[in-house]
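Opened the notebook for a look at helix packing and the ligand site. Structure goes in here before I start.

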Amino acid sequence: MARLENKVAFVSGGASGLGRAQSMTMAREGASLVVTDINEAGAQAVADEIKSAGGKAIALKQDVTIEAGWEEAIATTVSEFGSLSILVNNAGIATGGNAEDGTLEDWNHLMSINLDAVFLGTKHAIRSMKQTGGGSIINISSIMGLIGAAGSAAYNASKGGVKLLTKSAALHCANSGYGIRVNSVHPGFIDTPMIQQIFDGPTGDAARQHLIGLHPIGRLGAPQDIANGVLYLASDESSFVTGSELVIDGGYTAQ
Ligand SMILES: NC(=O)c1ccc[n+]([C@@H]2O[C@H](COP(=O)([O-])OP(=O)(O)OC[C@H]3O[C@@H](n4cnc5c(N)ncnc54)[C@H](O)[C@@H]3O)[C@@H](O)[C@H]2O)c1
């Protein structure tokens, strides 16, 4: 039996990188997929790929910073597939800036996508899942939610916020008897469009080697490495796991 048989999974930021791999992986394991992104064409392409491989999927245009959009997208999920059982709060952006020079405008923009939206998604998923017997909420944080980096003040703060928001939501759901588990995932550097900017330009190769060197396992992560962890947290195999931090970083934070 497929590991996500009869489950309905919603992935924000599903058009690219990690979200795309999560969507494809969960669909292969039998879940019906709702792929959302601010990039509508990209989300549609992922949903089409799932359908042409024999899976079930719809694509929705969604800006995760808008609360009414969450309510609408979850209502569409329920009317299309009957319930919502898995939410991956995956959409995110990475912009640099240290604690001395960053602007409040840049800080607020990043927070609205990386932290406020995770709150909104979690809130509305709980409200839906508690009516249908529970579910699994997976929040994509980062190793940057566990350790600091001088040039990533807002990103560090947002991902650290995701880590503890996850624990608060997990405890609330457990105390309430909702049957909803909430966990965070902490990837190291994964080869996706998000980190491609680091490799552009004449010093790109050196930057790649430097980054690889920070991962004791000797390579950058692949989107599938993270999708495999998300699949575990999405499935009933992790039924005793809530409020936890799944670190998938090739040993980056072990040293
Ligand atoms: N790539 C890495 O090394 C890495 C490491 C740790 C954590 N992460 C986290 O993983 C998640 C996915 O990152 P990725 O590497 O796949 O990046 P990516 O840039 O490839 O994909 C991010 C997706 O989010 C979408 N998005 C951005 N703003 C949005 C908004 N307001 N509403 C809806 N969608 C929006 C983008 O259109 C894009 O499709 C992010 O939360 C990121 O912080 C990535």
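Which hand does the crossing have where α1 passes α2? I looked it up, keeping in mind that this is a predicted model, and the crossing is right-handed.

**Entry 1, α1 and α2.** I took α1 as residues 17–28 and α2 as residues 40–52; their axes come within 10 Å and cross at roughly 20°. Angles under 35 degrees count as roughly parallel, so α1 runs roughly parallel to α2. Next I listed who touches whom: from α1 I noted R20, S23, M24 and A27, and these meet V46, E49 and I50 of α2. Sorted by class, I get four nonpolar, one polar and two charged residues in this contact.

On the α3 side I wrote down E67, W70, E71, I74 and V78, which meet A117, L120, G121, K123, H124, A125 and S128 in α4. The class tally for this contact is six nonpolar, three polar and three charged residues.

I found 27 residues around the ligand, and S16, L18, D37, Y155 and T192 come nearest. Then I checked polar atoms. T192 has a polar side-chain atom 2.5 Å from a ligand oxygen. For Y155, a side-chain N or O atom sits 2.7 Å from an oxygen atom of the ligand. I38 uses its backbone instead: an N or O atom there is 3.4 Å from a ligand nitrogen.

Methods
Residues numbered from 1 in each chain as written. Predicted model: local features only at pLDDT ≥ 70, side-chain atom pairs only at ≥ 80, totals over all residues. Heavy atoms only, no water. Axes fitted to C-alpha atoms, helices over the stretch in contact; angles between N-to-C directions. Helix = DSSP H or I, 4+ residues; strand = E, 2+ residues; numbered from the N terminus. Parallel < 35°, antiparallel > 145°, perpendicular 65-115°, else oblique. Left-handed = near helix turned anticlockwise from the far one by under 90°. Contact = heavy atoms within 4.5 Å. Nonpolar A, V, L, I, M, F, W, Y, C, P; charged D, E, K, R; others polar. Near = heavy atom within 4 Å. Polar contact = N/O pair within 3.5 Å; in protein donor to acceptor, adjacent residues only side chain to side chain.
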